[in-house]
Amino acid sequence: MALDNVPRTAAGEPAQAKQNEASVGKRAHLGVGSFILLALGAFVFLFPFYYMFIGSLQTSPDTSVAGAFPNPANLTPENYANINGSINLLTGLANSGIFTGGVILGTVLFGILVGYALAQMQFRGRGVVFGMLLLVQMVPFQLLLIPLYVMIVRDYGLSDNYLGMILPFAINSTAVFVFRQYFLQLPSTLFEAARIDGASELRILWQIAIPLVRPAIVTAILLTFIGPWNEFLWPFLVTKDAAMQPLAVSLANYISNIAATAANPFGAILAGACVLAAPAVALFIFFQRQFISTNIGSSVKG
Amino acid sequence: MTRPGSTGAPLQVSNLEGKGPKGQRKRPALLGAQPLGLLFSAPYVLYVLGVLAFPLGYAVYISLHQFYFTAPGVQVDRPFVGLDNYVTVLSDPQVQRSFINIGIFLVINVPLTVGLSLVLANALNRVQKLRTFFRVSYYVPYVTASVAVVGVWLFLFQQNGLVNSLLGPLAPNPSWLVNSWLAMPTVALYVTWKQLGFFILLYLAALQNIPDELYESASVDGGNKWIQFWNITVPGVRSASVLVTLLATITGANLFTEPYLLTGGGGPDGASASPVFLMYQKGILQGNPDVAAALGVVLVIGVLLVTLIQKRLVGGKED
C-alpha cells in the first residue's frame, strides 16, 4: 500500500517532470502571489546556506543584520584552518567517502543483481524476495539500533571498522526498487531472444540490461549517497577512534564537546559544516539536469 | 534436471527448458525457468535476514531478558524477566516526558509539512520561469547532512543570533533552544524545514496524475483558483497526503540528531529529549540495552497505532 509508493515515485518522477514541462501551459497560470510565495520559499531554504558560508568566513561572529552581508574587514579563511586543527577534515572526508562508497558499491552491485532477477527472471521464491523488498521499507530503524549495536560492536567486534559502519546500510532497498522498476520497463522479448541465442544470464545482464538502465544507476547512486554521507547516529555509535570517524561524526563531536573552548566557535563550526555540506550539494546540483531529463522510454526505443 | 544454482554450462540447458514451459520436456523446472535468479537474489536476501530480520526478533528477545553488554565471546547469564523492562520503561518519568515531547513535535511538524509541501508543490507545478532553480533550492536542505545545518541553526537561533536581532524586543527570553516551552517547537520547525523538499517532490509527482481536463472544465464553469485547489487538487493527491503524513510521522519518531546537537542533549531539562535519544542514553551510555530495547518496541508500537489512525483520518472514505 502506501509505503511501497516511495520508490516508484522516485523512479517515475524524472520522466514525469518532462511531460509536465510540456503540459504546464494548459493549467491555470501562476499568479503573482504564488510566484512571491515560491520566491519566499526559496529564500527561506537557501538563506541558511548562504549564512553558513558567510559565517564560516567571519573573523568574529557578527550576528547583527549587517552581518548577513559580506564585510571585507571581517573576512578570513582562518576558521577553516582552526577546524582542521581540531578535527582532521581530510581524514573525516576520507572516512565519509569510504563509508558512502562502500554502501554505494554494495547497493549498485547487489541491487542490480536482485533487481534484474526480480524483473526479468523466473525462479521459485521470486514472490518471497519481492515481498521482502516491500516489507523492508517498513522496518523501523529505531528498533534495530540496540540489537545491531550488540551484534556488530559487541559480538563481532566491528567497532571502529568500516565494515561495521557499512553493514546495516549495505544494500539500499529503495535503490533495489528503482533497479527493478527500470528493468521491468525493458521488453522481456529482448531477454528471451538472448537466452535462445545461448547467452548466459550474466552476459545478458552485463551486455544488454545494464547499458539500457544507465540512468537508473545514476538515480540509485544519488538516492543512496545522501543516506550514509549524512548519517550520524550509527557511525557515531560504532566509531570511538577519531581517525575512523566520518566527518558528520567528528563535526558533531566538535559541536557538542570542543566548540565551547574555541576562540570563534561558530566560525569553526560553520567552516566544518560547509566542508560537510559541499559534496552533497554540489553532487545534487550537478546531476539535477540529468535527473530531470532522464527518460527511460527513449533509451528503450533507441 | 540440472543442478540449480550452479553457474556455467548447466545454466544454458536450464534456460532452454525454461524458454518453453510446454516445450520438449513436460517436467516443469523445479526452481523455475531461470534458477540462477536465486543466486542473483542471494546477497540481498542474506542482507535482509542478517541485518534486518534477525535483529528485529533479537530486539524483542533482548527486551524480555535481563541483558548485559559483554566483550566478544564472553558468556554471561541473561535471565528471562518477562515484561519487567517494559514496566521500567513505562513508569519512567523521563520516558513519559519524551513521548509527550514527540507528541508536541508531531502535532507541529506533520500538519505544517503536509500543508506547506502541498502548497509549494502546487505553485511549483505551475511555474514556468526558474523552475529548476526552485526545485533545487527546495531540495538542498534535504540532501544536506543534519549535522551541518544544525550548525547554522544554532548560530541563527542563539541568544544574540540573527533571529533575535531581527525580532528585537520581541525575542523570547530565555532564547529559543534553551527555553523549555520553545525548544521542542523549534526542533519541529527545523525538521519541517529540513525535510520539506522531499515531500514537495512526492506531491509534485502526485500532481501529474490529476488530468488537466478537470482544471479546464472547472475554469469554464467559473471556478476560481481557490475552488480548484480545494475541490480538484486536494482530493486528487489524497493518497500522496496519506503517504506524506505517514512518512513525516515515522521520520519524526526517529528523531535523534536534532535533540542531541541542537538542544545539547534533549535540554533544557529533558524538554526536548526524544525516545530515540533516551534509547541511546539508557542503552548505550548507561549500559541497559534491555530497557532501551523495550523502549524501542514501545515506540514502534506507538508509531504503528498513530499511523493507523492517521491513515483513517487523512485517507477518508477511499481506504
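This is a predicted model: local features need pLDDT of at least 70, side-chain atom pairs count only at pLDDT 80 or more; totals for chains, interfaces and linings use all residues.
Among contacts in chain A between residues at least 6 apart in sequence, what percentage join residues at least 24 apart? The figure is 78%, where two residues are in contact if their C-beta atoms, placed from the backbone, lie within 7 Å.

Residues are numbered from 1 along each chain as its sequence is written, and chains are lettered from A, with ligands numbered from 1, in the order in which they are written.

Let me begin with confidence. The mean pLDDT of chain A (the predictor's confidence in each residue, from 0 to 100) is 83, and 85% of its residues reach 70 or more. Confidence in chain A is highest in H4(A), at 96, and lowest in helix H15, residues 296-301, at a mean of 28. Over residues 1-26 of chain A pLDDT stays under 50, and the model has 45 contacts beyond four places in sequence for them; over residues 293-302 pLDDT also stays under 50, with 16 such contacts.

Chain A has 15 helices and zero strands, counted as DSSP runs numbered from the N terminus (helices H or I, at least four residues; strands E, at least two). Of its 302 residues, 44% are buried, a word I use for 20 or more other C-beta atoms within 10 Å of a residue's own, with exposed meaning 12 or fewer, partly exposed in between, and C-beta atoms placed from the backbone.

Helix H5 of chain A, residues 126-136, has Val129(A), Met132(A), Leu133(A) and Val136(A) buried. These cover an arc of only 100 degrees around the axis, which puts them on the same side of H5(A), the arc being that of the directions from the helix axis to the C-beta atoms. Gly127(A) and Gly131(A), on the other side of H5(A), are exposed. The cover over the buried residues of H5(A) includes helices H4 (89-120) and H8 (173-184) of chain A, together with H2 of chain B.

That brings us to the contact between the chains, which takes 96 residues from chain A and 92 residues from chain B. On the side of chain B that touches chain A, the largest share, 17 residues, comes from helix H2 (residues 36-63) of chain B.
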